[in-house]
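These are my notebook entries on a structure I went through element by element. I set down what I looked up, in the order in which I looked it up.

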Number of protein chains: 2
Amino acid sequence: MRRPTITQVAALAGVSIASASRALNGQIASAETVEKVRRAAAELGYVADATARSLKLRRTQQLAYAVADIGNPVYVEMMSAVERVVASSGYRLVISSSAAASSTVDLVHDLGRGYVDGMIVSPLRVTDELVAALTASPVPVVVLGRVPDGVGVDTVRADSVTGMRLVVDHLVEAGRRDLLFLNGPADTTPGLLRQQGFDDAVERHGDVRSRSTTAADFTIASGYRAALDALGGAGPRPDAVVAANDLIAIGVLHAADDLGLRVPHDLAVTGMDNTELAEVARPGVTSVDLGAHERGRVAADLLLARIADPGRAAHTVTVAPSLHVRGSSAAGAASAQERSAG
Amino acid sequence: MRRPTITQVAALAGVSIASASRALNGQIASAETVEKVRRAAAELGYVADATARSLKLRRTQQLAYAVADIGNPVYVEMMSAVERVVASSGYRLVISSSAAASSTVDLVHDLGRGYVDGMIVSPLRVTDELVAALTASPVPVVVLGRVPDGVGVDTVRADSVTGMRLVVDHLVEAGRRDLLFLNGPADTTPGLLRQQGFDDAVERHGDVRSRSTTAADFTIASGYRAALDALGGAGPRPDAVVAANDLIAIGVLHAADDLGLRVPHDLAVTGMDNTELAEVARPGVTSVDLGAHERGRVAADLLLARIADPGRAAHTVTVAPSLHVRGSSAAGAASAQERSAG
DNA sequence: GTGAAAGCGCTAACAA
DNA sequence: TTGTTAGCGCTTTCAC
């Protein structure tokens, strides 16, 4: 059976559809009308059709979250935070993965269909094409990540440069002097920034050796292979591996295990993102929390604020990282301590 | 600026809006008209408005996935599978978490708003109220989980009873004779079924002792506390803990560590769900894969099939579990072997 | 093959 | 306060 329309409710209540609409939406109407309409609506099980309402109001009550790699815990954490904010503001959340179908650019382009009132996008790479799509978008877009200056778009960023400094400083304090940076793909925004952060951080210490290499991607398997390559050969071994994210760090842990290296005794290992994996691994992996949950929350807030006031200036919010020290980088002490970034 | 409408495209092309619509939708139209309309649409950057289209076609091209606990890796895995199928079929995916806002029942009720063409719901508890909402739903709903017989609804279920048998048989084969089942809340569907599966499995072995207790919920922290309670006291210790899911199993691992128990030497530990956590933990946690990805995929397929043919009979698909043996339950052998359920 | 017009279900001007 | 009516942007009969 078809869902009841407001026309049927009005008919049953014996009023016009306008009155029915007003009564149901809390507009001005007599107590008697409200009562009659309420009763009729309840009897028919009427609920206003979302599509028709959207068409009339030019507002879908839907927001989108576009993510490159659903399944990556970091994106899931952001999504979870976004969902909470969005739902509590009476919006629905549409998830689009660019991995499954098209590219992030296509997803932004699709905003032209008007199926959402705004979008949060978390692109792996920011191309000119993406920037063009962003500025052409008919609805507000908030970017989780970096965007070139001058693009007038709300942005939430992590501070992975500071994050890297926290890690490197910690390792040096713990007595490590020969660091290997195991990055993910260097042509991604995270890859680029983490490399830069590592280099900057090392430069501040005069007496520290460092090298860098990359894994094929930000996964456990790639981290494992890259670590086997880097640590398995002849020549001097580093006394610490700084991994670009937790997944790679776990891969390093496994490789060290296979190579008979004891962590942290022979080798310290650190990650980044502070995912549950870092906490669960044994030894626990020292990791930098880049505030994924907080970033998701802020992005959603920014989007809602811009929808409420489209004329406001573009904001850029940077979320401060924090270091979480665990067994993988401690010489003897196993207790976890935390230090927050200024 | 406002997005262009089909009226403007028609005007620019010098044809009626009807012709414009037909030309754009591949309906019957002269080559010349198609060309003119295409050109006009491209020039204006026209894309059909999704809302107006939905209203006319009585079809939103959106599907919903309602999940109790976003953030639980199992649900994320299902979601990821669902998203893939949905996106490749030209639908968008709306995510609703019942944890954030309302209950699962409310989410099903909300289908009355007509904002999606169907829903996949994964309820923690199946109440009469939920069943009522399901049968009253104006759009198809597929349930991931158990539903009373007679409710004519498509269902995808895991076979956790068989899964439990796989685990228990494995432990007994490995020489364990005193099993502790560490369940999550017993008033949830998963809790109920896993308890039943455990009891059944144990009964098949004459010479096996068993006990059961519950953690406050299906999390690492609760598993840890419950394990500390159960293993820390006096009296005979079990030689194996069967945890109701991987998170609880990780908690058991940590508790064992704190109590100075060696896994698997002093204590075997098994989990369920075969999440990445089980793989990453050291020792790796033997776990039963209940086919979350497969269940998500099948649920999405069932939903699409029902939308295509609303009259078809309700299907119930059960996905077979598989055992993944890892270090946490092996006496000496560390190599992983897999066994599939019949 | 094309155009005029109806109508999907709703809200909001406007008039009464 | 209420009812009549227009119209959101689109697709689709129906008559030509």
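Entry 1, the surface near DNA strand D. I looked up which helices supply this surface in the predicted model. In chain A, α2 (17–24), α3 (31–44) and α4 (50–57) each supply at least two residues. The largest share, five residues, comes from α4(B). I then listed the surroundings of DNA strand D and found 27 residues, the closest being Ala18(A), Ser19(A), Thr5(B), Ile6(B) and Ala18(B). By class, I recorded 13 nonpolar, eight polar and six charged residues on this surface.

I superposed chain B on chain A, which took a rotation of 180 degrees with 0.0 Å of shift along the axis, at an RMSD of 0.0 Å. The two copies are therefore related as by a two-fold rotation axis. I next asked which residue of chain B comes closest to the rotation axis. I found Val94(B), with its C-alpha at 2.1 Å.

I traced an open sheet of 12 strands with mixed pairing, in the order β11(A)-β5(A)-β4(A)-β3(A)-β1(A)-β2(A)-β2(B)-β1(B)-β3(B)-β4(B)-β5(B)-β11(B). Its edge strands are β11 (316–319) of chain A and β11 (316–319) of chain B, each of which pairs on one side only. On average, neighbouring strands are turned by 20 degrees against each other, direction ignored. I looked up how β2(A) and β2(B) pair and found the antiparallel sense, over three bridges. There, Leu93(A) has Ile95(B) in β2(B) as its bridge partner. Within chain B, β1 (residues 62–67) and β3 (residues 119–122) pair in the parallel sense over four bridges, and Tyr65(B) stands opposite Ile120(B) in β3(B). I also recorded that helix α5 (residues 73–88) of chain B lies across β2 (92–97) of chain A and across β1, β2 (92–97), β3 and β4 (141–144) of chain B. This helix runs at about 175 degrees to β1(B).

I located Met79(A) in helix α5 (residues 73–88) of chain A. Is Met79(A) buried or exposed? I class Met79(A) as buried because 26 other C-beta atoms lie within 10 Å, where the cut-off is 20 or more. Not counting residues up to four places away in sequence, Met79(A) touches Tyr65(A), Val67(A) and Gly296(A). Its C-alpha atom is separated by 8.9 Å from that of Arg297(A), 218 residues apart along the chain.

Three bridges join β10(A) to strand β9 (residues 268–272) of chain A, and the two run parallel. Thr270(A) has Thr286(A) as its bridge partner in β10(A). With strand β12 (residues 322–324) of chain A, β10(A) pairs in the antiparallel sense over three bridges; here I recorded Ser322(A) as the bridge partner of Asp289(A).

Notes: Residues numbered from 1 in each chain as written. Chains lettered and ligands numbered in written order. Predicted model: local features only at pLDDT ≥ 70, side-chain atom pairs only at ≥ 80, totals over all residues. Near = placed C-beta within 6 Å. Nonpolar A, V, L, I, M, F, W, Y, C, P; charged D, E, K, R; others polar. Pairing = 2+ DSSP bridges. Axes fitted to C-alpha atoms, helices over the stretch in contact; angles between N-to-C directions. Contact = placed C-beta atoms within 7 Å. Buried ≥ 20, exposed ≤ 12 C-beta atoms within 10 Å, placed from the backbone. Least-squares fit on C-alpha atoms with pLDDT ≥ 70 in both.
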